[in-house]
Amino acid sequence: MMRRPETATKWWVFCNARQCTVVSFCLASSLVVFLGARGVGADVANVQATFARGNSLYESGDYDGAIEQYRSLAAENVVDETLYYNLANAYYKSDDLGNAVLFYERAHRLAPRDTDLNENMRLVRAQLKDKQFVAQQNQVMRGIMWLNNNLSTHEMLRFASICYGLLCMLGVAFVFRQTSVISRAYRWVSILSLGRLFGLRIGQDIMVGMALLVFFSTTSSVSAYKKVIRDERRPDAVVLQEEIPVFSGPTADATLQFKIHEGTVVRVRESRREWVRIELPGRLSGWVPAEAIERV
Amino acid sequence: MRTAASIILVLALAFTVNISRAADITVSAVVEPGVIAVGGEVTLVVTVKGKFRKTASPELPPLDEFSIFQAGTSQSFSFSNGQRNASLQFTYVLVAKKEGTYTIEPVRFESDNKVYTANPVTIEVVQASTPAQLPTRSGDDRGAEKIDASIFVTAQVDRDTVYVNQQVTWTLNFYSDGRTDLLRSPEYTPPSAEGFWIEDLPPQQNYYETINARRYLINEIKRAFFPTVPGEYTIGAARVDIVTNRTATSIDGFSRRRSRLFGFGKTTSLKTDAIRIVVLPLPRDGRPENFSGLVGRNLELSLQTDKQVVETGEPVNLALQVKGEGNFKMMAAPEIPELDGFKMYESGSKSDIFKKDYIVSGRKKSEFVLVPKTEGKAVIPPVRISYFDPVDAIYRTVQSTPIEMVIKPGTKEQGGRQVVFTGTGENIEVLGKDINYIHPVPADVSMGKNRLYRKRLYIALHTLPLLALVFSIGVERRRNRWKGNAALARASRAYRDADKKFKRAATSITSGREEESFSIVSGALRDYLADKANLAASGLTFESIDDYLAQTGASEESRRGVADVLRVCDRVQYTPGTTGDGEAALTLENARRFVKQIEREVG
């Protein structure tokens, strides 16, 4: 007498483990590839022509003309580290330290590892009147925050996404660690793994890799989140006027507390009508007219 | 609390003095003045200096012609060559009873069983009607009730009508004739004064003054008040708290020590009168345009550079200094106008205050760094400052001398001379430092706010790796279940295998091998049913197939259809050449249909 099997057949039973692995890998890879993509606008040619005019004017010593060209591009929503860098240079040459600092800061957000930019920023900061307010990190903090300091918002987002994608891929590999596909792949990939040197089995080795990726994806996600919040809320601002008084309240009748000078980077804590409350290192804070500063 | 403090103080003093070795002690006595009238007072000061073990009062010789009052004791310590030296000063007030010339026998001081003596002193007492040589510092108009008192305080100002920011010198005098025994030093509470900037004026002065033939020791404290706005203001009353002996009015060492030790004594507060000050506004007439509110006297202005011949880009230190009388703490830093051809940076400012002869004066120095931008001759123009002289009531203007500079073509644009050590012995001198040059036009320009985190696709793609992981876990779990259940694994794969074979049969039909297709269809159908029933395909008969289908709940149509397909296939296999047109394709189609139907019905 024939007996009926225990369960019904489902659609996913037609895939085997090897196919699943390949599918997962392809999906994760497609994500990584997508993250590397950059959008390019339609009228790039016009932008480049204006850009080139600005560079020519700069080279001929007409810094004001160069500023005009560069600013027209910035007004057309061109967001580019080279544009900001060149614009900051032109402002510096025009003795406008406030705007120079502003655009160096903007360029630095997009290209934090640009050596030319970093050297220029150091040079300009040394000429500021309020040098004491320039944020400094000690060696230990610089080491800890190295990744955070050297990646832009987009780069940090991509790094976090890659860590996350790799973590999921390692998860898939862990699930199928006993299949022949993963075993064969592990023989080659694990050449780079320290776990193999210490005699770890494939499962343990993958777990160590996953733990590392959990750490990196978590820290990079937190860092990326903070950068995104900074880009959205834009709390940092630069003093553009030569000298501005800082009052104890949002009115010119309030007590004058101290004065700050052009190029000083401040953090905006609160806005009220035409006044903003700013904060400086050393727990200094006060109210300044909103038009005296510009957000980075 | 006071008692405890007194005990601690006495013990501390006893300890500190006891550790000194007795040796080299000198005792001296001085009287002042040497000539007094009958009823007048003379001050006798006995000073003991040296290294001695314990404190002891000097022993005065018999003085029947005088009434004696102790006016206080002071002590000081100093270190010399690692040893402590003490100095004790005992002050007595002697009131002459009758005229004559008296020689006070040497005062005795005993320490470590040794007796030291002071020099004898002489006092001449004359008749009261005879004007004695009474030194007075100034003519006073103090009230009689104060003058009659043994201790009193007064306060006065040097002027009661001033201009804004002009100094008012306030003086407090504490008078003590020595007849009242003070158990503690007087405590001074300064006056309140709203509307003034206040500066203390040290040092405190002590001197003697004779008023109505009574000699007073005067402690004088001064303060400077600078009114900040015009109007009428008041310098409030100052208070001096004193603690006097309740009982003893003459020398009685035991009662005095007891009072000091146990905090006995009467506390009295002496107050000065409040003083009204009229503050005048600065006159409008003659006020210079550049006047910034500075009030002072004898102001001097100087402007200096550390070098007059420089290169472009080479920093020059420029110092602007103002000094003179006035309240420099309230003075704004003098400004230098914008200089053509120079970059100018403030490098700091500092102010110093001096109080010589009780007049507040000061110095304000502002420093700048100039960086010449263009070569040639340049002149730093004179800087002018206007101030109001409150004594002469006029505005004055002072100015610095202009500075001529020679600017040479620069080898340095900014910063100082800098040498780079290359490590090869050949060092390179850095001649100039400027910002890095602009970058060329980028090939790829980002348009718009290219914010990755705002793209929906980017966010959506993050779900795929997670789905892949979840999918993998599901697949692996299913695979593990199959491992322990061969029947389930066969049943699960049955349809997929049958479908593959049906495709092969279709290929045979297409290629003209129709009879072969019947064999393939028959095998596919039997294998499918065998897998579903977990039986060997070779052992399947029509009856066992029908039983299985009936048992699993397949429809009558499915059971009959499967049987028909198998019969057709068997017929063609056993009697070749009996196939009709299109029969192979029809049989394949039926087989597919019934397998699908069974898959739905049986599961």
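Chain B of the predicted model contains 10 helices and 30 strands. Of its 603 residues, 42% count as buried. Among the contacts in chain B that link residues at least 6 apart in sequence, 72% join residues at least 24 apart. Chain A, by comparison, has 12 helices and seven strands. Buried residues make up 44% of the 296 residues of chain A, and residues 24 or more positions apart account for 58% of the contacts in this chain with a separation of 6 or more.

The model as a whole scores ipTM 0.78 and pTM 0.46. For chain B, the average pLDDT is 78, and 80% of the residues score at least 70. The pLDDT stays under 50 over residues 79–83 of chain B, a stretch to which the model gives four contacts beyond four places in sequence. Residues 248–252 of chain B likewise have a pLDDT below 50, with nine contacts in the model beyond near neighbours in sequence. Where pLDDT is low, the predicted coordinates should not be read in detail.

The largest nonpolar core comprises 34 residues, of which A:Tyr58, A:Tyr70, A:Tyr92, A:Phe103 and A:Tyr104 touch the most other members. Two or more residues of this core are supplied by each of the chain A elements α2 (44–59), α3 (63–75), α4 (81–93), α5 (97–110) and α6 (115–125). The largest share, eight residues, comes from α4(A). A second, separate core holds 31 residues, including B:Ile509, B:Leu549, B:Ala591 and B:Phe594.

Two of these residues, B:Ala591 and B:Phe594, also take part in the contact between α9(B) and α10(B). Helix α9 (residues 556–574) and helix α10 (residues 583–602) of chain B pack at an angle of about 145°, and their axes lie 9 Å apart. The crossing of α9(B) past α10(B) is left-handed. On the α9(B) side, the contact is made by B:Glu557, B:Ser558, B:Gly561, B:Val562, B:Val565, B:Val568, B:Cys569 and B:Arg571. The α10(B) side contributes B:Glu583, B:Thr587, B:Asn590, B:Ala591, B:Arg593, B:Phe594, B:Gln597, B:Ile598 and B:Glu601. By class, the residues of this contact divide into seven nonpolar, five polar and five charged.

Several local backbone features were identified in chain B. A cis peptide bond, with omega of about 0°, joins B:Pro202 and B:Pro203; B:Pro203 lies in strand β14 (residues 196–211). B:Asn165 has a positive phi of about 70° although it is not a glycine. This residue is placed in the loop between β11 (161–163) and β12 (168–176) of chain B, and B:Asn165 counts as buried because its relative accessibility is 13%, under the 20% cut-off. B:Asp357, also not a glycine, has a positive phi of about 55° and occupies the loop between β23 (342–354) and β24 (361–372) of chain B. With a relative accessible area of 60%, B:Asp357 is exposed.

In chain A, A:Arg272 is found in strand β4 (residues 265–272). A:Arg272 counts as partly exposed because its relative accessibility is 37%, a value between the limits of 20% and 50%. Apart from neighbours within four places in sequence, A:Arg272 is in contact with A:Pro250 and A:Trp287. The C-alpha atoms of A:Arg272 and A:Pro289, which are 17 residues apart along the chain, are separated by 9.8 Å.

Terms used
Residues are numbered from 1 along each chain as its sequence is written. Chains are lettered from A and ligands numbered from 1 in the order in which they are written. This is a predicted model: local features need pLDDT of at least 70, side-chain atom pairs count only at pLDDT 80 or more; totals for chains, interfaces and linings use all residues. Side-chain values use heavy atoms; hydrogens and water are left out. pLDDT is the predictor's confidence in each residue, from 0 to 100. Contact means heavy atoms within 4.5 Å. A nonpolar core is a set of buried Ala, Val, Leu, Ile, Met, Phe, Trp, Tyr and Cys residues joined through side-chain atoms within 4.5 Å. Buried means under 20% relative accessible area, exposed over 50%, partly exposed in between (1.4 Å probe, protein chains only). Helices (H or I, at least four residues) and strands (E, at least two) are DSSP runs, numbered from the N terminus. Axes are lines fitted to C-alpha atoms, for helices over the stretch in contact, and angles run from 0 to 180 degrees between N-to-C directions. A crossing is left-handed if the near helix is turned anticlockwise from the far one by less than a right angle, and right-handed if clockwise. Ala, Val, Leu, Ile, Met, Phe, Trp, Tyr, Cys and Pro count as nonpolar, Asp, Glu, Lys and Arg as charged, and the others, Gly among them, as polar.
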